[in-house]
Amino acid sequence: MPELPEVETMVRGLRPALEGRTIRSLEVVDDHLLANCEAPALELKARGALVSAVHRRGKWVVIELAPPRGIIVIQPRMTGAFYLVDSELARHIRLTLSMSGPGPYPKVHYNDPRRLGRIAWYAGPEEAEAAFSKSHGPDALVITADDLAARLARTARPIKPTLLDQKVLAGIGNIYADEVLHRSGIHPERPSHAIDRPAVGRMHRAIGEVLAEAIEAEGSSFDAGYRTVLGLEGGFLAVNHVYARGGEPCKTCETPIVRARIAGLIGRSTHYCPACQPPAGITPTPESPTLRRRPPRSARDPGPGGG
Ligand SMILES: [Zn+2]
């Protein structure tokens with residue numbers, strides 16, 4: 001499912017097709033996804049509108065139309081994706097934007113096989129911001145370490161489901177929560193309020209690093225899931241450390257990665273290294289794997305013929 005890096009990649013891919021260009025027409029193919037507007041009204045608002053900006057808030061794609069046309073928000077949620085090109089995966093188009101004038105991408109399709117995404121319209125930035133704030137904490141790339149520490153101090157829930165709670169911080173899902181906790185050496189079942197301030201600092205730094213590396217890799221793809229706007233797979237799962245690597249040796253210490261179900265998370269697996277991420281009560285010592293880790297492998301390492 002698209003998390004912050006996938007949605008950020010979508011937004012960056014959409015900008016050349018949308019920003020500064022005029023929408024000739026918007027077609028709602030499936031009004032099941034419309035959250036707070038009717039198809040004819042949305043089509044009328046968008047027709048002839050200039051797209052002034054495209055950006056991301058948490059896992060929202062925000063398409064700003066020049067005033068007074070309002071703001072279109074699309075949440076891809078489980079299976080939503082945007083396509084600027086023909087793709088064999090784009091068989092479930094729910095909305096299409098046709099753009100005016102010359103440009104490499106005449107159409108922008110929003111595709112969503114399971115129809116779990118959501119399309120909304122807001123009158124302006126304040127209304128969109130108010131709607132976001134009602135159901136979301138700060139964006140994971142914006143939150144400060146102090147704010148994160150204060151939010152974690154308020155809950156005894158295990159840290160993994162807390163990181164997935166969009167009201168605590170927005171943008172992190174199952175893949176990146178596992179990677180962040182591994183990088184910061186924190187067991188996924190540690191009670192959130194029991195994580196001390198230095199460890200919260202490590203986690204905050206890990207959030208920034210992991211998300212930046214995933215954005216650089218254009219996100220994570222497996223099966224017929226997420227693709228970029230050009231129909232390409234994201235590359236993060238070729239370089240990540242724990243997610244979907246159950247049984248493989250930890251890249252830091254070579255202990256086999258554990259794949260487990262943990263309390264508070266239904267239907268989702270958690271992956272962690274039992275040595276790098278000791279359970280509650282065991283503090284890593286200077287000899288522990290966490291503190292003598294090798295630098296992580298990175299997509300930027302020059303491989304054979306790469307650079
Ligand atoms: Zn390890």
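The second largest pocket has a volume of about 410 Å³, and among the 21 residues that line this pocket, M78, T79, A224, G225 and Y226 lie nearest its centre. A pocket is found on a 1 Å grid over the protein atoms alone, as an open set of points with protein on both sides within 12 Å along at least five of seven lines, whereas a cavity is a set of points where a 1.4 Å probe fits but cannot get out; lining residues have an atom within 4 Å of a point. Grid points are joined across faces, edges and corners, and a volume is the space filled by probe spheres set on the points. The second largest pocket lies between domain 1 (4–135) and domain 2 (145–292), because both give residues to its lining; the domain bounds come from an automatic or database domain assignment.

The model is a predicted one, in which local features need pLDDT of at least 70 and side-chain atom pairs count only at pLDDT 80 or more, while totals for chains, interfaces and linings use all residues. Residues are numbered from 1 along each chain as its sequence is written, and side-chain values use heavy atoms, with hydrogens and water left out.

The largest pocket is lined by 27 residues, with M1, K59, M78, N174 and R268 nearest its centre, and at least three residues of its lining come from each of domain 1 and domain 2.

The table sets out the lining classes, in which Ala, Val, Leu, Ile, Met, Phe, Trp, Tyr, Cys and Pro count as nonpolar, Asp, Glu, Lys and Arg as charged, and the others, Gly among them, as polar.

| Space | Volume | Lining classes |
|---|---|---|
| Largest pocket | about 610 Å³ | ten nonpolar, nine polar, eight charged |
| Second largest pocket | about 410 Å³ | eleven nonpolar, six polar, four charged |
| Second largest cavity | about 40 Å³ | eight nonpolar, one polar, no charged |

The second largest cavity is lined by L18, I63, I74, F82, L95, L97, V108, H109 and Y110, and β7 gives the most to this lining, with three residues. Strands are DSSP runs (E, at least two residues), numbered from the N terminus.

The zinc ion is coordinated by the SG atoms of C250, C253, C273 and C276, at 2.3 to 2.4 Å, where donors are N, O and S atoms within 2.8 Å of the metal (3.2 Å for Na, K and Ca) and water is not among the atoms, so sites may look incomplete. C273 counts as buried because its relative accessibility is 0%, and C276 is likewise buried, at 3%; buried means under 20% relative accessible area (1.4 Å probe, protein chains only).

Notes
Buried < 20%, exposed > 50% of the residue type's maximum accessible area, 1.4 Å probe, protein only. Helix = DSSP H or I, 4+ residues; strand = E, 2+ residues; numbered from the N terminus.
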